[in-house]
Amino acid sequence: MIYDWLYSLTGSEMIAIGVQSLLPLYLFILPFALVAVLLERKVAAHMQDRLGPMRVGYHGLLQTIADILKLLQKEDTVAADIDKKFFDLSPLLVFAGSYAAFAAIPFSGAFMGSNIDLGIIYIVAVTGLVVAGILMGGWASNNKYSLLGAMRAAAQIISFEIPTLLIVVTVIMITGTMNLYTMSEWQTGYFWNWLILGGPDFGIAKILLTPLMLMAFLIIFLSTLAEVNRTPFDIPEAESEIVAGYHTEYSGMKFAIFFLAEYANMFAISAVVSALFFGGYQSPFGYLGNLLEIGWLIPIEQFFWFTAKGVFFVLVQMWLRWTLPRFRVDQLMSFCWKYLIPISFVLLLLVGLITVL
Amino acid sequence: MKNYILKFWQILFTIMIGMKVTFRHLFIPAVTIQYPTVRPEMPERERNRLYVNMDDCIGCLQCERACPVNCIEIEIVKSIPGEDLGITSNGKKKALWVTKFDIDIAKCCYCELCVFPCPTDCIYMTDVYEFSEFERDNFIYDFVTLTPDEKEEKKKNYEEFKLKKEAEKAIAAEKKAEEEAAKKKESGTESENTTDDKPE
């Protein structure tokens, strides 16, 4: 683990913890957000037969950097009648909520922010901070659109947390652990050991579990997608209805932090889904490091596979975004309460029966 | 129950169809034209900025008359005998100095009506379509090739020529009148009182 290495290097727990807690932010989330924003624009453009940003750098490669420079220089507009304290606190809280989720996500066999046993439950719980932040921002903005967006966001996130948790419980029943690290280790080996294909135990249970896990994956993917307010579930920031939702009043860097939190969230849920169902950082074809007997290559390979799976699911999210139109509020709620929750209850029962037998 | 499952299946299935469509479009070449660097091909009979080839203009004023918005303003001065103005490209002899040929392109409605009557095809539409300006005055295009001094000279020449011609005419008229008077004197005495009108 990197923590032990840092501890032996510096001899101070404080420095080791500080460096380790900032590593994912600077080495992963910020570069990822830079790439993902451009990727999103390019994917969107090409799906609509356009080209997207083309001017800054080769095929617009430096567009995001230019945008960030612009956002840094922008005036931080603050309306007269807002609640300044909570207005300033809200983007930080939203970002803290989405960044805290990265603590329990195993990036590779050698790096994990915090190896806590509650793992996945902690992630679901700590992302609740995002709701608090959004609601706080919407309320403090003193703007009807912000408040509407925040209310919608709160209703949506809380509703969709139920199917997410039910599926998480289903998965926990099979794996017998809540720790994402042990969960990933449990799915080690080749891709047929992944939970989406029934886990590493061969037998009748594997055959029975495979279709159920496919359903479970679909449900958790859709419900986590709704939790991070992405299209087709982006009614909290529906541009055509309520301007920009909860971040209507935000400008400059505060808006950029909301934006960063959105992309961090996107990757977080992709990572969680891949850790639950697709073996997390495990390679689908075995490791080159094992083959060549180079020990230090394996964590790097694992990091590569983790990133690849995460980016793949982020791409699927973008793909969905540019395919589907936005849900109506009532459609969203009926989709959650009439379809996702009953089906996940049925899955919970069936999987419980299979694991007992 | 059957309906319920069918509906859920339909939700998933239609999403898949939509995703298939967007995935196919991901690889279709973009229709975007990178405008300032790549120019779109204009249609054959495009109507854009007017241009006047002053070497061919004979100052017939047909375009000015044809213009429905009066954006063309022409002033012409007759040439004096002995001045050679050259020949147009289709063999017409020029006889008029054009001292003013202004087109107010801000007024122009790009109807191309001025182009058709031109006997020498000297006014025509070009393929230039980007000519925005910061000052409104810059939209008045001056096509005259003469310098201001030359314009003045031509005008003065013509005025002098006119005066000279009038003077000549007056002299000729006087001569004629004298001759007529002489004739009348010779022909009869009755018409003698008519000579009182004769200018002295």
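Modeller: Let us begin with one residue pair in chain B, bearing in mind that this is a predicted model: Asp102(B) stands opposite Asp142(B), which belongs to E5(B).

Colleague: What makes E3(B) and E5(B) a pair of strands?

Modeller: Two strands pair if at least two bridges are found between them, and E3(B) is joined to E5(B) by three bridges; the two therefore count as paired, and they run antiparallel.

Colleague: Which sheet do these strands belong to, and in what order do its strands lie?

Modeller: They belong to an open sheet of three strands in chain B, with the order E2-E3-E5 and antiparallel pairing. From one strand to the next, the twist averages 15°.

Colleague: Why are E2 and E5 of chain B called edge strands?

Modeller: Each of them, E2 as well as strand E5 (140-142), pairs on one side only.

Colleague: Where do the two domains of chain B lie, and how many residues bring them into contact?

Modeller: Domain 1 covers 50-146 and domain 2 covers 151-187, and six residues of domain 1 of chain B are in contact with six residues of domain 2 of chain B. On the domain 1 side of this contact, strand E2 (72-78) and strand E3 (96-104) are the elements that give two or more residues, and the residues of that side divide into four nonpolar, one polar and one charged. The centres of the two domains, taken over C-alpha atoms, are separated by 35 Å.

Colleague: Turning to chain A, how do you know how H9(A) and H14(A) are oriented to each other?

Modeller: The axes of helix H9 (residues 204-227) and helix H14 (residues 329-356) of chain A come within 10 Å and cross at roughly 150°. Angles over 145 degrees count as roughly antiparallel, and H9(A) and H14(A) are therefore roughly antiparallel to each other. H9(A) passes H14(A) in a left-handed crossing.

Colleague: What classes of residue make up the contact of H9(A) with H14(A)?

Modeller: The contact has 14 nonpolar, two polar and no charged residues. Among those in H9(A) are Leu208(A), Leu212(A) and Ser223(A), while those in H14(A) include Ile343(A), Ser344(A) and Leu347(A).

Colleague: How many residues of chain A and chain B are in contact with each other?

Modeller: There are 11 residues of chain A in contact with 13 residues of chain B, and the side of chain A that touches chain B has seven nonpolar, two polar and two charged residues.

Definitions and conventions:
Residues are numbered from 1 along each chain as its sequence is written. Chains are lettered from A and ligands numbered from 1 in the order in which they are written. This is a predicted model: local features need pLDDT of at least 70, side-chain atom pairs count only at pLDDT 80 or more; totals for chains, interfaces and linings use all residues. Two residues are in contact if their C-beta atoms, placed from the backbone, lie within 7 Å. Ala, Val, Leu, Ile, Met, Phe, Trp, Tyr, Cys and Pro count as nonpolar, Asp, Glu, Lys and Arg as charged, and the others, Gly among them, as polar. Axes are lines fitted to C-alpha atoms, for helices over the stretch in contact, and angles run from 0 to 180 degrees between N-to-C directions. Helices (H or I, at least four residues) and strands (E, at least two) are DSSP runs, numbered from the N terminus. Angles under 35 degrees count as roughly parallel, over 145 as roughly antiparallel, 65 to 115 as roughly perpendicular and the rest as oblique. A crossing is left-handed if the near helix is turned anticlockwise from the far one by less than a right angle, and right-handed if clockwise. Domain bounds come from an automatic or database domain assignment.
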